[in-house]
Amino acid sequence: MKRYLGILAVLLALCIPALSQSPYPDRDRDHGYPGQWQGRISSHDQKEFNEEYGKWQEANNKNDRHDIDKHARKMEEIMARYNIPPDTPFDALATSNGYSQHYDVRQFQGKFSPDDQKKFDKAYEHWLEDRRKSDRDDLAKDEGKMQEIMARYNIPRDVPYDMLASGGRGY
């Protein structure tokens with residue numbers, strides 16, 4: 001009986017971390033966030049990445065292992081130049097028109113007035129904490145504050161918050 005209780009305790013200890021994960025995607029680190037990395041790659045490298053991505057898809061359709069690996073390595077080299085994690089899906093970086101979005105997210109850094117930067121940073125800190133605690137109400141409130149400040153400066157909604165917060169410039 002003690003043996004069964006010991007096994008049950010071990011299984012329970014292994015399952016608890018999996019159950020306690022936040023249901024919110026981590027906007028700054030979730031590699032599945034569509035477009036998260038777009039705009040951080042130069043237009044030349046974005047075009048090269050898209051060409052390799054197209055060839056990689058064709059190789060996948062043909063099940064050509066050699067070409068799949070060759071094109072994947074080239075895409076991974078581009079990703080490494082921009083410190084993009086290697087487990088980021090290729091489709092999160094590929095764009096449909098061959099170029100990055102019409103803006104580079106770095107162009108929005110440092111645009112806030114000192115007062116707005118302070119408000120944004122405070123809301124960002126609270127947003128990170130609320131996301132860690134899985135507090136939906138406060139999470140939405142903090143995100144609304146950040147989006148309101150971003151809207152005053154005509155910053156697109158999909159610019160990652162970490163790129164605008166003064167503590168971390170995301171690069």
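The questions and answers below go through a predicted model of a protein, from its overall make-up to single residues.

Colleague: What should I know about the numbering and the values before we start?
Modeller: Residues are numbered from 1 along each chain as its sequence is written, and side-chain values use heavy atoms, with hydrogens and water left out. As the model is predicted, local features need pLDDT of at least 70 and side-chain atom pairs count only at pLDDT 80 or more, whereas totals for chains, interfaces and linings use all residues.

Colleague: How many helices and how many strands are there in the protein?
Modeller: Helices (H or I, at least four residues) and strands (E, at least two) are DSSP runs, numbered from the N terminus. From that end on, the elements run α-α-α-α-α-α. The count is therefore six helices and zero strands.

Colleague: What percentage of the 171 residues is buried?
Modeller: Buried means under 20% relative accessible area, exposed means over 50%, and partly exposed lies in between, with a 1.4 Å probe and protein chains only. By that cut-off, the buried share of the 171 residues is 36%.

Colleague: Is Phe-120 buried or exposed, and in which helix does Phe-120 lie?
Modeller: Phe-120 has a relative accessible area of 0%, and so it counts as buried. Contact means heavy atoms within 4.5 Å, and, not counting residues up to four places away in sequence, Phe-120 touches Phe-112, Met-146, Ile-149, Met-150, Tyr-161, Leu-164 and Ala-165. The helix that holds buried Phe-120, residues 114-133, is α4.

Colleague: Which helices are included in what covers the buried residues of α4?
Modeller: The buried residues of α4 include Asp-116, Phe-120, Ala-123, Tyr-124 and Trp-127. An α-helix has 3.6 residues a turn, so residues three or four places apart point the same way. What covers the buried residues of α4 includes residues 136-152 and 161-164, which are α5 and α6.

Colleague: At what angle do the axes of α2 and α3 cross?
Modeller: Axes are lines fitted to C-alpha atoms, for helices over the stretch in contact, and angles run from 0 to 180 degrees between N-to-C directions. The axes of α2 (residues 43-62) and α3 (residues 65-81) come within 8 Å, and they cross at roughly 155 degrees. Because angles over 145 count as roughly antiparallel, under 35 as roughly parallel, 65 to 115 as roughly perpendicular and the rest as oblique, α2 is roughly antiparallel to α3, with the angle at roughly 155 degrees.

Colleague: In the loop between α5 and α6, is Pro-160 buried or exposed?
Modeller: Asn-154 and Pro-160 both have their place in this loop, and Asn-154, at 66% relative accessibility, counts as exposed. Pro-160 and Val-105 are 55 residues apart in sequence, and their C-alpha atoms are 8.1 Å apart in space. At 2% relative accessibility, Pro-160 counts as buried.
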